[in-house]
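Welcome! Take a moment to look over the sequence and the model before reading on. The notes below go from one detail to the wider picture.

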Amino acid sequence: MMIRYASYFIAALLPLLLFRWFAPASIGEIDFWLLWLLAMVLVSLPVVYAEIALAYRSADAPLAGMQKLTREADANALWRGFGWLAALVSIIIAALVISGASSGILTALTELNSAPDVPSFAIGAGLMVIAVLLSLLGVAPLPIGLGLMLVGLLLGVANGLPNIAFAMTDVSLSEWARAVALALVSVGAGTGLYWFGQNLVSKQAVSAVSADNYNAQKPARHHAAQEYRATKLVLPIWILQLVVGVVALFISGMALPPIGQLLYWVGVLFVASYLLHYSSQQLAHKFGLLVSVVLTFVIALLLVVAIPTHWLVGILVIISSIAVLLLSVFAGWQMKISHLRKSLNFGNEAFYNLWRVAIRLIVPLALLLALIGWVMQWLS
């Protein structure tokens with residue numbers, strides 16, 4: 001039952017996890033909110049549709065699925081890089097939030113006069129060990145993490161919401177860059193997490209049908225295939241992202257009491273464990289489970305210990321943008337039209353044409369403009 005709702009947990013959790021890294025210094029920038037909403041419609045929504053369509057077509061997880069799809073489309077093996085980049089993005093997100101958790105926990109313990117005499121990176125390394133161990137539990141830590149984070153945030157709300165002064169500011173490419181990052185990274189579009197979640201549900205459904213009643217279930221499965229609509233999966237995820245995103249923007253500047261901080265960051269640790277579980281499951285397709293768990297741990301530990309948090313944000317932006325660009329170009333230009341039409345199964349041909357224009361032209365252009373905006377911001 002938990003597997004069925006994994007994608008919805010992720011859709012609700014990622015904004016709470018990552019908005020603090022990409023939200024503007026002034027939450028009251030109305031133009032930023034409008035740009036974020038525009039990016040959610042023009043960029044995030046088409047990409048989530050693409051993930052679900054490719055998940056349905058490949059009937060496998062992202063890394064293994066991209067191998068099938070590139071062979072089917074007779075496309076260059078270069079496009080399989082999306083599977084590898086998606087696994088890496090998941091590790092980077094886990095490293096980023098655990099790095100934030102180490103600093104947050106240390107701050108909370110200092111306020112409680114209980115701070116240990118150890119550096120922040122050592123706490124981060126210890127938290128990473130715990131997260132990797134929790135990752136062996138699969139989907140189970142997600143609801144626990146969400147519960148702890150919500151309790152921590154409610155304790156912050158009890159102390160009062162931050163005062164927000166709304167105003168229009170000058171629109172710039174750097175502002176568009178933050179909005180696109182918020183619409184993609186913070187909702188998990190292009191990370192393969194929804195692709196992976198859909199594959200978990202499909203595997204669970206297949207395993208529920210035993211060999212004895214296989215033939216008896218054929219008509220039911222055929223009927224289910226006829227009733228399949230990508231929109232039934234995508235829109236609930238996207239709407240949940242939008243609602244939680246608005247809430248996360250309002251509370252991203254909220255100060256939490258020490259106990260609230262501890263609960264929130266421990267919840268973050270549980271959520272990060274699922275991200276590590278996802279990445280290790282992807283790498284297991286090539287290296288086996290044991291090697292992939294060790295490899296995931298080593299990469300994540302190096303990122304937490306050796307790279308400053310603000311650098312991790314920059315690395316996450318670059319790699320996730322490249323991953324989404326690969327996904328959009330592959331889905332828009334390499335996949336056969338007939339295959340994607342069947343995988344999306346829109347009720348109206350006009351919707352399919354709109355999605356195709358978005359994934360082929362609008363998404364790549366928006367990503368390139370966002371990358372230019374980030375470069376301009378970093379140079380300044």
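Which residue takes a positive phi just after helix 2? It is A59, with a phi of about 55 degrees. Please keep in mind that this is a predicted model.

**The whole chain**
- The secondary structure of the protein chain comes to 15 helices and 0 strands.
- With a radius of gyration of 21 Å, close to the 21 Å that the globule rule gives for 380 residues, the chain is as compact as a globular protein of that length.
- Taken along the principal axes, the C-alpha atoms fill a box of roughly 65 × 50 × 35 Å.
- Among contacts with a separation of 6 or more, 87% join residues 24 or more positions apart.

**Inside and outside**
- Of the 380 residues, 51% count as buried.
- The chain exposes about 16400 Å², and carbon and sulfur atoms supply 69% of that area.

**Helix 2**
- Helix 2 covers residues 30-58, and its 29 residues should span 42 Å at 1.5 Å a residue; the end C-alpha atoms are 41 Å apart, which agrees.
- Even so, helix 2 has a kink of about 40 degrees, centred on M40.
- Helix 2 is mostly covered, with 21 of its 29 residues buried.

**The largest nonpolar core**
- This core has 124 residues, and the members that touch the most others are F22, L142, L249, Y274 and W355.
- Helix 2 gives the largest share of this core, 16 residues.
- Leaving aside residues up to four places away in sequence, W355 touches P46, Y49, A50, A331, L340, L344 and F346.

- As background, most residues other than glycine have a negative phi.
- You can find A59 in the loop between helix 2 and helix 3 (62-72).
- Exposed means over 50% relative accessible area, so A59, at 55% relative accessibility, counts as exposed.
- D74 also has a positive phi, near 55 degrees, and is a residue other than glycine.
- The loop that holds D74 lies between helix 3 and helix 4 (81-111).
- D74 has a relative accessible area of 70%, so D74 is exposed.

Note on methods: Residues numbered from 1 in each chain as written. Predicted model: local features only at pLDDT ≥ 70, side-chain atom pairs only at ≥ 80, totals over all residues. Heavy atoms only, no water. Helix = DSSP H or I, 4+ residues; strand = E, 2+ residues; numbered from the N terminus. Expected span 1.5 Å × (residues − 1). Bend = angle between axes of the 7 residues up to and from the residue. Buried < 20%, exposed > 50% of the residue type's maximum accessible area, 1.4 Å probe, protein only. Core = buried A, V, L, I, M, F, W, Y, C linked by side-chain atoms within 4.5 Å. Contact = heavy atoms within 4.5 Å. Rg over C-alpha atoms; globule rule 2.2 N^0.38 Å. Areas by Shrake-Rupley, 256 points an atom, 1.4 Å probe, with all protein chains shown as cover.
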